[in-house]
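This report looks at one helix and at the nonpolar packing around it. The sequence and structure come next.

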Amino acid sequence: MAAPSRARDPQSVLFACAMNSVRSPMAESLLQHMFPQGLYVKSAGARRGELDPFAVSVMAELGQDISAHKPQTFEELEDWEGLNFDLIITLSPEAHHKALELTRTLAADVEYWPTQDPTTIEGSRDQKLAAYRDVCDQLLMRIRRRFAKVGAASG
């Protein structure tokens, strides 16, 4: 029988990707909208990037506004509020290595969800938007699967 894990029913979740400009802010917004009161959700990057306008557009299609998101690194987040998360979900290899390095001294579980970087897609605006929508859809499916039972047992 597996040992109980804080991540099974986390109270706080950190999403992390390479630059906190596309994948992790999307995931943060998706989970936040699913559990507006139930979970504390943030995102960070291994390096600092700039918020991607395609990510803003795709999330706006879902009625979620991430235009005010300010990309931040793990270090900046740690300086501002500490890295007191039950679960860190990494979406890129770079963020995964960084999270494993940081959690050697933290009591946080780390899960790796390899997620394509849509910024690497070449083509027309429509082709690029389609790639961002695919990433958003994949994240939404993973989030629904992973967090489907969170809060369900209470009551």
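This is a predicted model: local features need pLDDT of at least 70, side-chain atom pairs count only at pLDDT 80 or more; totals for chains, interfaces and linings use all residues.

Residues are numbered from 1 along each chain as its sequence is written, and side-chain values use heavy atoms, leaving out hydrogens and water.

**Helix 2**

Helices are DSSP runs of H or I with at least four residues; strands are E runs of at least two, and both are numbered from the N terminus. Helix 2 spans residues 53-61, with Ala55, Val58 and Met59 buried. These three lie on the same side of helix 2, because they cover an arc of only 95° around the axis. The arc is taken from the directions from the helix axis to the C-beta atoms. Pro53 and Ala60 are exposed on the face turned away from the buried side. Buried means under 20% relative accessible area, exposed over 50%, and partly exposed in between (1.4 Å probe, protein chains only). Helix 1 and helix 5 are among the elements covering the buried residues.

| Place | Residue | Value |

**Cores**

A nonpolar core joins buried Ala, Val, Leu, Ile, Met, Phe, Trp, Tyr and Cys residues through side-chain atoms within 4.5 Å. The largest has 28 residues; Phe15, Leu91 and Phe147 are among those touching the most other members. Helix 5 gives the largest share, eight residues. A second, separate core of twelve residues includes Ala16, Ala44, Phe74 and Phe85.

How values were computed:
Contact means heavy atoms within 4.5 Å.
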